[in-house]
Amino acid sequence: MSKRKHHETVMESREFQNNYDAFSDDISGRWTQVLEEFPGKLKSGISALLPRLAEGLKQEDDHDDSVYTGNTGISLLHLHLHNVFPQGDDLRTSYQYLERSLQRLKGRRFTFLCGDAGPLALGSILLNKLGREAESKACLDKLHQLHEACLDPGLPDELLYGRGGYLYALLFAQSHLPDASIDVRIMEDVYRCIIKSGEAFSKRERSKSPLMYAWHDKKYIGAAHGLSGILCLLMQVTLPVAQEYLHSHVKPSVDYVLELAFPTGNYPSSLGNNSDRLLHWCHGAPGVIHMLLQAHKVFGDEKYLEAAKRCGDVIWERGLLRKGYGLCHGTAGNAYAFVALYQNTKDNKYMYQAQKFAEWCLDYGKHGCRAPDHPYSLFEGMAGTIYFLADLLNPDAAKFPAFYF
């Protein structure tokens, strides 16, 4: 088999063909009507999926307390639904899912997605909303106490299991709580530790990037475990300490990632991997695009926006994934790329593309996708798809969960 045919076979096994019409003058001319009709479709779809989610969760592992695949992720979904549909009882439901997790914290991991920091950050927010200020502060105190373990020099820096995930938890809590709640000194220490760790590893590896990181001995590029995810987070920090490193370390590292793009607009999963296969939020253009758009916002250079648009093109072409409908490695997670492009450009083309991927997700389970290991969870399954669909009801404020705060 030729390399080309083998490449095409691999591609066919990873995504469905996108048969949706491209955005056109005709669609643009009917755009007001399209916008008026779509919220009804979203609300109907969410209403249909929520009972299926509730029934499916009865079969899930009740001892998984993570945001990524466990109870805290379902709690985060219901907090999101409360913000979108404030008349319901989602706030109470959110705390019901979280309460068990808060009672079972083990203190072994400190990240938002896969550790104690997620339940503690969310707990501080929910309890504050419920008027239980003393309990909210207790959660916040425990979140602060995790920073000592986080500063261990032998630990990774990425989002799922590393320091980046703890920094995100602090930023997430800060964005939802009164201004004086988060200890800014802790945030500064963690930020500086991430910078120094990446700087030291870069020097050891003689990398052209001022910052470089590894996870399980691989130098990943994507959002979940890699350089682009860390850089996207670092660029969202507005503390004075961030200004010290913004142009000397962060920007040239972003430029380094920019140069790694494949001709298709996609990005490798890790250094040395020249296979243009993975197109997920966790690995590939759907995660890297957020770093590029954040760089455009911070530095104003159009090259980042143009690279992000190339990401959008390949996601539109190849982003309807056979792996499922989820956030981390599914169609809903890929669709957030179009939402981010729309927010940065106000080009209706990208809102249309997000809507088409949403339509795909509204036909949940009808395409023959593979069943994920945790089919109802926030990052692998149905809960994440519902989160995305609810976000599209207010696309200007939509944010990929656990990546933007």
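Helix axes here are lines fitted to C-alpha atoms over the stretch in contact, and angles run from 0 to 180 degrees between N-to-C directions. Keep that in mind for the first stops. The model is predicted.

**Stop 1: α14 and α16**

Select residues 302-318 for helix α14 and residues 348-362 for helix α16. Their axes lie 12 Å apart, and the packing angle is about 30 degrees. Angles under 35 degrees count as roughly parallel, so α14 and α16 are roughly parallel to each other. The crossing of α14 past α16 is left-handed.

Now show side chains. On α14, pick Lys-309, Asp-313, Ile-315 and Trp-316. On α16, pick Lys-349, Tyr-350, Tyr-352, Gln-353, Lys-356 and Phe-357. These residues make the contact. Colour by class: 5 are nonpolar, 1 is polar and 4 are charged.

**Stop 2: α14 and α15**

The axes of α14 and α15 come within 10 Å and cross at roughly 145 degrees. This crossing is left-handed too.

Which residues of α14 and α15 make the contact? From α14, select Leu-305, Ala-308, Lys-309, Gly-312, Ile-315 and Trp-316. From α15, select Asn-334, Ala-337, Phe-338, Leu-341 and Thr-345. By class, this contact has 7 nonpolar, 3 polar and 1 charged residues.

**Stop 3: Gly-326**

Is Gly-326 buried or exposed? Its relative accessibility is 2%, so Gly-326 counts as buried.

Show what surrounds Gly-326. Beyond four places in sequence, Gly-326 touches Thr-331, Ala-332, Gly-333, Phe-379, Glu-380, Gly-381 and Thr-385.

**Stop 4: Thr-385**

Follow the contact from Gly-326 to Thr-385. Thr-385 sits in helix α17, residues 382-391. At 0% relative accessibility, Thr-385 counts as buried. Leaving out neighbours within four places in sequence, Thr-385 contacts Tyr-325, Gly-326, Ala-332, Cys-361 and Tyr-364.

**Stop 5: the nonpolar core**

Nonpolar side chains tend to be buried together in soluble globular proteins. In this model, the largest nonpolar core has 139 residues. Which residues have the most contacts inside the core? They are Leu-143 and Phe-379. Phe-379 also touches Gly-326.

Finish on Leu-143. Outside four places in sequence, Leu-143 touches Ala-117, Leu-120, Ala-121, Tyr-166, Ala-169, Leu-170 and Ala-173.

Methods: Residues numbered from 1 in each chain as written. Predicted model: local features only at pLDDT ≥ 70, side-chain atom pairs only at ≥ 80, totals over all residues. Heavy atoms only, no water. Helix = DSSP H or I, 4+ residues; strand = E, 2+ residues; numbered from the N terminus. Parallel < 35°, antiparallel > 145°, perpendicular 65-115°, else oblique. Left-handed = near helix turned anticlockwise from the far one by under 90°. Contact = heavy atoms within 4.5 Å. Nonpolar A, V, L, I, M, F, W, Y, C, P; charged D, E, K, R; others polar. Core = buried A, V, L, I, M, F, W, Y, C linked by side-chain atoms within 4.5 Å. Buried < 20%, exposed > 50% of the residue type's maximum accessible area, 1.4 Å probe, protein only.
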